[in-house]
Amino acid sequence: MGGGQKRGRTQRKHFKQNRENVWKHNNVRNDAAKKTRPSDLSEENINPSWQPFATQNTGFEEYYKEQGIISENEWEEFMSVLRKPLPAAFRINSSGQFFRDILSQLEDDFMKSLEAEMDNENEIEAIRPLPWYPGKLAWHSNFSRMQLRKNQTLERFHEFLKQENEVGNITRQEAVSMVPPLFLDVLPDHHILDMCAAPGSKTFQLLEMIHQLDKPGLLPNGLVIANDVDVQRCNLLIHQTKRMCSANLIVTNHEAQHFPNCSFKNCTENSIEGARKSILQFDRVLCDVPCTGDGTLRKAPDIWRKWNAGMGNGLHRLQVEIAMRGIALLKVGGRIVYSTCSMNPVENEAVVAEVLRRSGDSVELLDVSTELPELIRRPGLKTWKIRDRGLWLASYREVPSHRRSVITPSMFPSDQSFKLNQTECDNVKEDIVAIDAVVGTENVNLKVNLKITGNTVEEINCDDLKNTETAVGMEEAVSNVHEASSISGSLKDVDGETKVEVSSYPLDRCLRIVPHDQNSGAFFIAVLKKISPLQVTPENQTNQYTKRRQKVPRNLNENFEVENAEPSEYVPDQHHHNLVEEPLDDSSISDKSSIKTTEVEPISQSMQLNDKENELEEVEPSDFGEDAKGSKAKLQIQVKWRGVDPVVFFREKSIVDSIRSFYGICESFPLDGHLVTRNTDANHVKRIYYISKSVHDILQLNFQVGQRLKITSLGLKTFERQASKDSSSLCAFRLSSEGLPLLLPYISKQILHASLLDFQHLLQYRTIKFPDFVNADFREKASSLMPGCCVVTLNEGNKPTHEILLDASTIAIVCWKGKTNLSIMVSQLDAQELRERLSIRFATEVTMSEDEVNNSNLEAEAKMISANINSTEESEAVPANN
Ligand SMILES: C[S@@+](CC[C@H](N)C(=O)[O-])C[C@H]1O[C@@H](n2cnc3c(N)ncnc32)[C@H](O)[C@@H]1O
């Protein structure tokens, strides 16, 4: 079952700040109201005179009209839909225990009952499954979130959405945002990198995909590394994905464009599997980059006011860098999806074109027109323009020289920005001579550095121009050089007047989703496949020009990137430049010899770590655990990432043994190497997380390479130190609700099977004295359990206990056996949700009959007992003195 854990204070704050739906307020007014009345934050009080956002922006309209994304005759419809609030959409969590129940509830109950609420002149369905999403698992409602909140008659449906979202049975997510993971073609054994992952709705989908074929108690071989640069947004992601209860997730906090290399040569590992463990490389990469977000205007109307063309221009370079880093980390044969929730070609097609340009033949833009055929999409553009400071620019040659540090060749459609024809090449050479001459006579401090190889300008640097007449003259000459260098071979006449550049890449294979096609937000997606390792080519070297001009210190070119690959928090060492940036791919490790002879040899080269890291290499993974003997190693772990708790393997034998024996966890369920904590002091470990083998291997690799990954969170919280004052329990750790589904098939002690009635009583009253259980057998077994944490499952058909087979569909909750009673350790919300689910599934009353209540006196007793409960945690109260 879903976690339903309480939210931490920080998470609550971030939820409040999350701009989920801002139709309701004017931010300026909100801020003012908050300042004057900080204690009264209800919506109405903050902004009693609610006003809708302005949904006008002439710059926006002018920009998109010019780009030709929408034809003239559709323009009105496009704009009118953009101004309407976005209909609510959500996904059913397919790994949730109740996903079939939820699907039936939607089809058999809400579809019909909500129909009545619709003004059905247009025969619009109130809710419907999204036709392009597999298995009817994603739904669209024709009510906006605002309507759902305000309309009384929709209250039941709104409550349903809120509650199921909170407990993790559904995820509220914009429909078009669900699309990118579907194009990744994920399998359960895939290693996936989600580069810009927060707040995590796509990470959640990816986790569902790798868990899709889960067998009870078994974990898939794949994993997801979800990364985000913003640590607060990482917290949102952790909360969001916690509901997925996955042991196959690592959350990291890096700049995606500098996501670290991790490769390590383990001399004993000559197999493919061994080599695989030595390199951090991914089968699938999702690159859902930061963008202007103008595709979310319907959900975030504050963008109307903020939008300007410069925003997209400003993001283009970062987007290219992130995508290139994704490709570098992708295995040969792997897929990468580049996506934005922006309609702007400079953030979309221009980025894809630049990525293809830099990658040479190593990457192919896939034609996915036959995938998800029911999704209405439009082909990517092959031509577009750049808008800068009121000017329309069709080609880099039109960019004024003083704007060339901002508007780069990569923004334009031409794929030959730096190729010159012979005449142009001769002109450039003449310009260089002219510049040299001026420099010679005037002795101005000008550095011009231009190399021409064949017809390609490799590098131009003219940083130090002074504002003198001569310098101005020279600037013109330099500008001519630039201009010549940007001439495209693909200028085309339009009506014999303007010239536009047309990309020769098959950018029409990209897909753009626009709002009025299927009443959604807008999205852009490109699906790329890596064909071969990236090479340094003159094409991808050309970006040095841009970078020099922009005085960007980091060289983003693939094979130069390593030098700067570490994020700012990481202390680089003198040898890092020796690491080869492109990790070894599977195809080149098909036999032992290839490990040694492959052209790209990151494994052996990564041996050249600095002294500190070499020390770490010698240390067995166990030495990083809490029983570590080497204090040096411990110290290094602690200081590695400032402000982030270290990740340590938990191998405290006495504790692990006591857990195994107390719950009767069978030996076939591996604990050694699968338990981690965030505390080096075993005596103060509060939580123990279970990690899959795939996560274990990455963690071990990370230790071997000196902890380059800054890990914010990992694995599945499975055991928690119990804070009860009841010292009679033989085990210091209780089971966590999140980890229960995984452990359940392996537990043989401290487990009881309750009848439906007793199970419902427990959920309703939370604490029940042993004599009050209806089933005599259960009553006896409950009272004879060892004191402490236990598990109660629902014995659906009241089967004899020896016939019960526990699997992922078994409904189970964590409980606490006290001296006189049994209490549940489930949050109020989870308990309520579970009761409702049971009442629907078994068509029973949620409450007991009057007789039953009178007979058992449960109500009164429950009240008395609950008064004695010492809640150590808001959601999972551990009774203290019983
Ligand atoms: C469009 S949102 C991602 C949405 C997410 N994929 C989802 O489905 O929930 C972009 C994210 O990129 C993050 N971001 C911005 N710059 C970044 C960078 N340089 N590296 C990594 N993440 C970055 C932002 O914090 C933001 O969370």
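Tutor: Two strands pair if DSSP finds at least two bridges between them. Strands (E, at least two residues) and helices (H or I, at least four) are DSSP runs, numbered from the N terminus. The model is predicted: local features need pLDDT of at least 70, side-chain atom pairs count only at pLDDT 80 or more, and totals for chains, interfaces and linings use all residues. Residue numbers start from 1 along each chain, as its sequence is written.

Take strand E19, residues 523-530. Of its 8 residues, 7 are buried, so E19 is largely enclosed by the rest of the structure. Buried means 20 or more other C-beta atoms within 10 Å of a residue's own; exposed means 12 or fewer, and partly exposed lies in between, with C-beta atoms placed from the backbone.

Now the pairing. E9 and E19 run antiparallel, joined by 6 bridges. Ile-513 stands opposite Phe-523 in E19. As background, side chains in a regular strand alternate between the two faces of the sheet.

Phe-523 leads on to Cys-341. The two touch. Contact here means C-beta atoms, placed from the backbone, within 7 Å of each other. Cys-341 also touches Ser-177, Cys-291, Gly-293, Gly-295, Thr-296, Gly-521 and Ala-522; residues up to four places away in sequence are not counted. Cys-341 is found in the loop between strand E9 (330-340) and helix H15 (349-359). Cys-341 counts as buried because it has 25 C-beta neighbours inside 10 Å. An unreviewed UniProt entry lists Cys-341 under "active site". UniProt positions follow the numbering used here, feature names are shortened, and annotations may be inferred rather than shown by experiment.

One backbone contrast is worth checking. Arg-389 and Arg-766 are not glycines, yet phi is positive in Arg-389, about 45°, and in Arg-766, near 70°. Most residues other than glycine have a negative phi. Arg-389 is found in the loop between strand E12 (386-388) and strand E13 (391-393). Arg-389 counts as exposed because it has 12 C-beta neighbours inside 10 Å. Arg-766 counts as buried, with 21.
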